[in-house]
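Please read them beside the coordinates.

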Amino acid sequence: MKIPRLTPEEQAHLDQGGRVFIVEEITGPLWRVLAVKGEVCKVLLKPDGAEGYSDRSDAALNARMIANLSEGSILVRE
């Protein structure tokens, strides 16, 4: 999956070995969470049986919860 355009802060964070979670709008409109680490980007969160969350705030809340439970340094872009 192609990595979305990153801010300078996000790129610096990745360069230091961190991860970035990005809440992204997709066709629907729906929302999903991407995880970026190094040169890899993959879908981290989407609800069971659906391509994405119907509410942006649900996707953002889940991204923050996973970030808080994860080890290492994580930035979340909502």
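1. For what follows, a residue counts as exposed when its relative accessible area is over 50% and as buried when that value is under 20%. The model is a predicted one, and the remarks below should be read with that in mind.

2. On this basis, the face of helix 2 that is turned away from its buried side carries Asn68 and Leu69, both exposed. The buried residues of helix 2 include Ala59, Ala60, Ala63 and Ala67, and because they cover an arc of only 95 degrees around the axis, these alanines lie on the same side of helix 2. An α-helix has 3.6 residues a turn, so residues three or four places apart point the same way.

3. The buried residues of helix 2 pack against strand 1 (19-26), strand 2 (30-37), strand 3 (40-45) and strand 4 (74-77). As for the length of helix 2 (residues 56-69), its 14 residues should span 20 Å at 1.5 Å a residue, and the end C-alpha atoms are 20 Å apart, which agrees.

4. Leaving aside residues up to four places away in sequence, histidine 13 touches Gly18, Arg19, Val20, Ser73, Ile74 and Leu75.

5. The peptide bond from glycine 28 to proline 29 deserves a look, since it is cis, with omega near -5 degrees, whereas most peptide bonds are trans. Proline 29 is found in the loop between strand 1 and strand 2.

How values were computed. Residues are numbered from 1 along each chain as its sequence is written. This is a predicted model: local features need pLDDT of at least 70, side-chain atom pairs count only at pLDDT 80 or more; totals for chains, interfaces and linings use all residues. Side-chain values use heavy atoms; hydrogens and water are left out. Helices (H or I, at least four residues) and strands (E, at least two) are DSSP runs, numbered from the N terminus. The expected span of a helix is 1.5 Å times one less than its number of residues. Buried means under 20% relative accessible area, exposed over 50%, partly exposed in between (1.4 Å probe, protein chains only). The arc is that of the directions from the helix axis to the C-beta atoms. Contact means heavy atoms within 4.5 Å.
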